[in-house]
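Have a look at the model below before reading on. The notes after it go from the whole chain down to single contacts.

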Protein chains: 2
Amino acid sequence: MSRYVAILAGGSGTRLWPLSRSRRPKQLLSLVGARSLIQATVDRVSSVASPDRILVVTEASHAEDVRAQLPEIPTENILVEPTRRGTAAAVGLAAAHIAHRDPAASMASLHSDAAVADADEFGACLTAAFEVAESDDWLVTLGIRPTHPHTGMGYIQVGQPMGLFHGRHAFRAVRFVEKPDRATAEQFIRAGYVWNPGMFVWRVDVILREYARLLPDIADALIRIQQAIGTRSEAETLRDRYGTIRVETIDYGIMERAERIATIPSTFGWSDVGSWAELMEIAPKDPAGNVVQGEHLGIDTRGTLVIGEHKPVFTLGVDDLVIVDLPDALLVCSRASAERLKELVERVQSDPRWSDLT
Amino acid sequence: MSRYVAILAGGSGTRLWPLSRSRRPKQLLSLVGARSLIQATVDRVSSVASPDRILVVTEASHAEDVRAQLPEIPTENILVEPTRRGTAAAVGLAAAHIAHRDPAASMASLHSDAAVADADEFGACLTAAFEVAESDDWLVTLGIRPTHPHTGMGYIQVGQPMGLFHGRHAFRAVRFVEKPDRATAEQFIRAGYVWNPGMFVWRVDVILREYARLLPDIADALIRIQQAIGTRSEAETLRDRYGTIRVETIDYGIMERAERIATIPSTFGWSDVGSWAELMEIAPKDPAGNVVQGEHLGIDTRGTLVIGEHKPVFTLGVDDLVIVDLPDALLVCSRASAERLKELVERVQSDPRWSDLT
């Protein structure tokens, strides 16, 4: 049974603003090490799938950058969404292409903009998930053991054990809950819930059957798109049909409503790099706890992130700051306030002076 | 009796680094308001001396900028030191030129890089100092009522009262003491000492007599330079003689050793703008206590200095920072550490990568 990996590379978050912005999304940035997040994601799945079985779903505005960053991926594996229609459409598009190539294939669906500390453990868990998915008609999700009561995450209630797969324990997933309040998140952690990082594995026939059952309108569009693959009307069909798909997430559209869901609770050091503070958690630090990219001289400087793209940055007597110096914008922010960056970005977005900055 | 003002515009301090540096000294910067410190100094003495009686002593590397900033000062009043030989030489050069024009003139000597909050009171005190100087052979110094036990200042012990001049009280100055330790500075403040801001007034014949008595070698060079003024050998004499003058300050060379010194304790809001923290004290602030030059958006930002020369600066959740963003260097420093900037500048100066930055 052939194994494919679909990598979702749409999205244009501004959570690492001003470095990430619509024309330069997070997945294309080298935030942890020299490889960008999407390059590291491809590297990480190489033990499971060869480049010809890795598909990337992206949008037109990022397609050129994605191709340039991933020369090993065949061009026909870079699927370009005509418009953004949510993760249900994007995952479905990848599933349709994989089903066209091999209706008996299994596939993983991963995000392109997360970081993983332990690639070996990730590879083992992914393999385990493929084994679960291929053993029956399970929708499998990797779960992340929570490190703190994060209120921005989706949580999965872990149910009955299903046994060992590739040395990892699999469980029934009882339910998915999006973004709880803090008290609920704390309760979830005590009850053994895991985070849902949006890493799914299933057989393509199984997931397409679920689309037909739970999202029949989307399934209909996907069938038309799949039928046109390799024909002269492929591009036209994609353009016409994809644009009509209703915007829906895979989590809400499928996972929260499906019945046979399994999860493999994992500890491979996952982060969605959702804020400057989170980047600081996972990035390599100097002895004073600073994370530095670029030329920097600091005296009496601790716990500070310095990104200097084009000129030296000098710091003196500062603690726990985020300093991002780009040619067209400078951000100086306390680590404690990094979670509130959205407030600032919204103000920037609403100001015509700064229309190029977001 | 004609009154002249000499403004000393040598020096290339890095105390407001990276904005101030050798090629862009503090006196040429617009730090408080739209006018540069040297322009504001000229503005401030306009009640005492017309532009043709204002002389500026500067060095070759700044002469062009000084002329450009002070178009109202006749070119022949911009005196260019062939090399820097300290304030005794610079003040002596101005005195020689003034004596050449009017041997009976009186003159003030002021620094070009200080800020004064109350220009009217300053003008009144300066007039009072001229009256004291013209009443007899006094060397008069304006004294500043200390606001705190500053250990970087020179202090003047105030002696017997000399009466009212232009409505201000003049006193004998008992002695000059440079840069005391903190305990001594506190003692000085309790004993009524005043700061010495290097603002002197005297008759030119009196000061040149003091040079002859206390600094005879410098006086000899000055006499030769004065004799050559207006002759074909003026430039050559200046170049040859000035370079041989021993480096000496007016404070140590004259004021600490002269006998007939008077002082007028003053309260016109003087600052030598000797650090970013001092600039923040005197600069106009927004309601959150921020001092901003350039484009800035701050959320939850207090007591912070933002200088953004070329692009917008965004701050979030920061207090009491100094942020100076220039095209070739960024400084982020806590206000509390601003006094230690020298440590950082020394590290920058010793690094060949950054030779253009100081």
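What follows is a short tour of domains, chain contact, sheets and helix packing.

## Ground rules

This is a predicted model, so local features need pLDDT of at least 70 and side-chain atom pairs count only at pLDDT 80 or more, while totals for chains, interfaces and linings use all residues. Residues are numbered from 1 along each chain as its sequence is written, and chains are lettered from A and ligands numbered from 1 in the order in which they are written.

Helices (H or I, at least four residues) and strands (E, at least two) are DSSP runs, numbered from the N terminus.

## Two domains in chain A

Chain A splits into domain 1 (3-271) and domain 2 (276-357), with bounds that come from an automatic or database domain assignment. Their C-alpha centres sit 30 Å apart.

Across the boundary, 12 residues of domain 1 of chain A are in contact with 14 residues of domain 2 of chain A; contact here asks for C-beta atoms, placed from the backbone, within 7 Å. On the domain 1 side that touches domain 2, there are eight nonpolar, two polar and two charged residues. In this scheme Ala, Val, Leu, Ile, Met, Phe, Trp, Tyr, Cys and Pro are nonpolar, Asp, Glu, Lys and Arg are charged, and the others, Gly among them, are polar.

## Where chain A meets chain B

Each chain brings 31 residues to the contact: 31 from chain A and 31 from chain B. On the chain A side, strand 14 (296-302), strand 16 (313-319), strand 17 (321-326), strand 18 (329-334) and helix 11 (341-349) each supply at least two residues. That side of chain A holds 19 nonpolar, five polar and seven charged residues.

Strand pairing runs across the contact too. Strand 16 of chain A runs parallel to strand 18 (residues 329-334) of chain B, with four bridges joining them; pairing takes at least two DSSP bridges. In that pair, A:Val313 faces B:Leu330.

## A sheet built from both chains

One open sheet has six strands in the order 13(A)-15(A)-17(A)-18(A)-16(B)-14(B), and its pairing is mixed. Strand 13 (291-293) of chain A and strand 14 (296-302) of chain B stand at the edges with a single partner strand each, so one side of each has no neighbour in the sheet. Neighbouring strands are turned by 5° against each other on average, direction ignored.

At the chain A end, strand 13 runs parallel to strand 15 (residues 305-308) through three bridges. A:Val292 is opposite A:Val306 there.

## A crossover in domain 1

Strand 2 (residues 54-59) and strand 3 (residues 78-81) of chain A pair in parallel over four bridges, with A:Glu59 opposite A:Glu81. The chain gets from strand 2 to strand 3 of chain A through helix 2 (residues 60-69), a right-handed β-α-β crossover (clockwise from the first strand over the helix to the second, with the strands pointing away from the viewer).

## Helix 7 and its partners

How do the axes of helix 7 and helix 8 of chain A cross? Helix 7 (residues 216-228) and helix 8 (residues 234-242) of chain A have axes that come within 8 Å and cross at roughly 170°. That makes the two helices of chain A roughly antiparallel. Axes are lines fitted to C-alpha atoms, for helices over the stretch in contact, and angles run from 0 to 180 degrees between N-to-C directions; under 35 degrees is roughly parallel, over 145 roughly antiparallel, 65 to 115 roughly perpendicular, and the rest oblique. Residues making this contact include A:Ala221 and A:Ile225 of helix 7 and A:Leu238 and A:Tyr242 of helix 8.

Helix 6 (residues 204-214) of chain A packs on helix 7 of chain A at about 130°, axes 5 Å apart, and the two are therefore oblique. Their contact has seven nonpolar, no polar and no charged residues.

Notes
Two residues are in contact if their C-beta atoms, placed from the backbone, lie within 7 Å.
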